[in-house]
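Subject: Handover of a structure and notes on its contents

Dear colleague,

Please find the structure below, followed by an account of what was found in it. I would be grateful if you could read the notes with the model open beside them.

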Amino acid sequence: MLSTVVLAIAGIALLGMPHGPGAAAPVVSSTASSAPRSSPVSAAPAVVRPSSVRTAPSATSIASPPPVAESPLPPHGEGVAVDQAVQLSLEKAWPADLPAHDEHELLTAGRALLRADATGVGRAQWPGLFPDAGQAVAPAFSTARFRVQAAIARRDGSPDKAVIHLVWAGTDRGGTFTDLRITEWHFKRTASQRGASTWTPQPRT
């Protein structure tokens with residue numbers, strides 16, 4: 001009689017247990033503003049194995065939180081030594097998809113355009129993007145300590161469109177230095193009457 005009761009209780013307990021593994025919610029690492037997002041990291045699903053002997057779950061197995069992914073970018077204020085790590089993070093997030101000569105041309109233009117936009121140096125090179133000197137807005141950043149930490153150029157939906165992702169550091173007019181700033185510039189390939197093509201930066205919208 002006692003064995004019948006035990007078997008009945010065990011059967012009810014088995015019916016009440018979930019039969020499929022439960023996937024843990026993904027944990028997404030955070031980066032600087034607009035910066036590149038890291039891939040979500042999911043915890044391994046739990047596996048339910050049948051067993052003739054059942055034991056109560058331990059408090060450790062119940063309370064253990066899912067693993068937390070670390071940010072792929074270094075913390076702010078680490079200096080020039082981390083620029084290579086930032087560059088590698090961008091390249092890992094967005095694999096190369098442009099011919100080498102196009103990427104080189106875009107990166108050269110993108111770095112110069114960022115410097116012109118942030119510090120005012122070289123704005124005359126893009127008269128269509130920046131107003132005349134008499135109407136120009138004062139640069140928000142000084143040339144001192146300005147540097148591009150990392151940059152990549154990638155396609156932007158088609159072979160004739162590209163976007164440049166730039167991570168940079170600079171000192172604003174108030175004297176505050178900040179690194180890991182994020183800027184994007186969009187370019188479009190245009191052809192000349194002689195058949196040559198060049199990449200032209202697009203105005204901000």
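Leaving aside its neighbours within four places in sequence, which residues is arginine 115 in contact with? They are Gly120, Val121 and Phe146, where contact means heavy atoms within 4.5 Å. Arginine 115 has its place in helix H4 and is partly exposed, with a relative accessible area of 32%. For this term and its relatives, buried means under 20% relative accessible area, exposed over 50% and partly exposed in between, with a 1.4 Å probe and protein chains only. Arginine 115 also lies 8.5 Å from valine 148, C-alpha to C-alpha, although the two are 33 residues apart in sequence.

Two remarks on the origin of the values are in order. The model is predicted: local features need pLDDT of at least 70 and side-chain atom pairs count only at pLDDT 80 or more, while totals for chains, interfaces and linings use all residues. Residues are numbered from 1 along each chain as its sequence is written, and side-chain values use heavy atoms, with hydrogens and water left out.

Overall organisation

The protein chain has four helices and four strands. These are DSSP runs numbered from the N terminus, with helices (H or I) of at least four residues and strands (E) of at least two. From the N terminus on, the order of elements is α-α-α-α-β-β-β-β. Of the 205 residues in the protein chain, 27% count as buried. Among contacts in the protein chain with a separation of 6 or more, 53% are between residues 24 or more positions apart.

The sheet

The four strands form an open, antiparallel sheet in the order S1-S2-S3-S4. Strands count as paired if DSSP finds at least two bridges between them. Strand S1 (147-155) and strand S4 (197-201) are the edge strands, each pairing on one side only. Neighbouring strands of the sheet are turned by 25° against each other on average, direction ignored. Such angles are taken between N-to-C directions, from 0 to 180 degrees, using axes fitted to C-alpha atoms, for helices over the stretch in contact.

Ten bridges join S2 to S3, and lysine 161 stands opposite lysine 188 in S3. These two strands form a hairpin with five residues between them, and glycine 175 in the turn has a positive phi of about 90°. Strand S3 (residues 177-191) is joined to S4 by five bridges. Alanine 191 stands opposite serine 197 in S4, and arginine 189 has tryptophan 199 as its bridge partner there. The hairpin of S3 and S4 also has five residues between the strands, with glycine 195 taking a positive phi near 95°.

Helix H3 against the sheet

Helix H3 (residues 83-93) lies across S1, strand S2 (161-171) and S3, and runs at about 15° to S1. Its buried residues are Asp83, Val86, Gln87, Ser89 and Leu90. They cover an arc of only 160° around the axis, which puts them on the same side of H3; the arc is that of the directions from the helix axis to the C-beta atoms. What covers these buried residues includes S1, S2 and S3. The exposed residues Gln84 and Lys92 are carried on the face of H3 turned away from its buried side.

Aromatic rings and charges

The structure holds two aromatic pairs. Rings of Phe, Tyr and Trp (its six-membered ring) pair if their centres lie within 6.5 Å; planes under 30 degrees apart count as stacked, over 60 as edge-to-face and the rest as tilted. Phenylalanine 141 and tryptophan 168 form an edge-to-face pair, at 4.9 Å centre to centre and 80° between the planes. Phenylalanine 141 lies in the loop between helix H4 (100-119) and S1 and tryptophan 168 in strand S2, so this pair ties together parts that are 27 residues apart in sequence. Phenylalanine 141 is buried at a relative accessible area of 14%, and tryptophan 168 is buried at 6%.

The rings of phenylalanine 146 and tryptophan 168 have their centres 5.6 Å apart and their planes at 45°, so that pair is tilted.

Arginine 181 lies over the face of tryptophan 168, at 5.6 Å from the ring centre. Arginine 145 lies over the face of phenylalanine 177, at 3.7 Å from the ring centre.

With kind regards

Notes: Lys NZ or Arg CZ within 6 Å of the ring centre and 35° of its normal.
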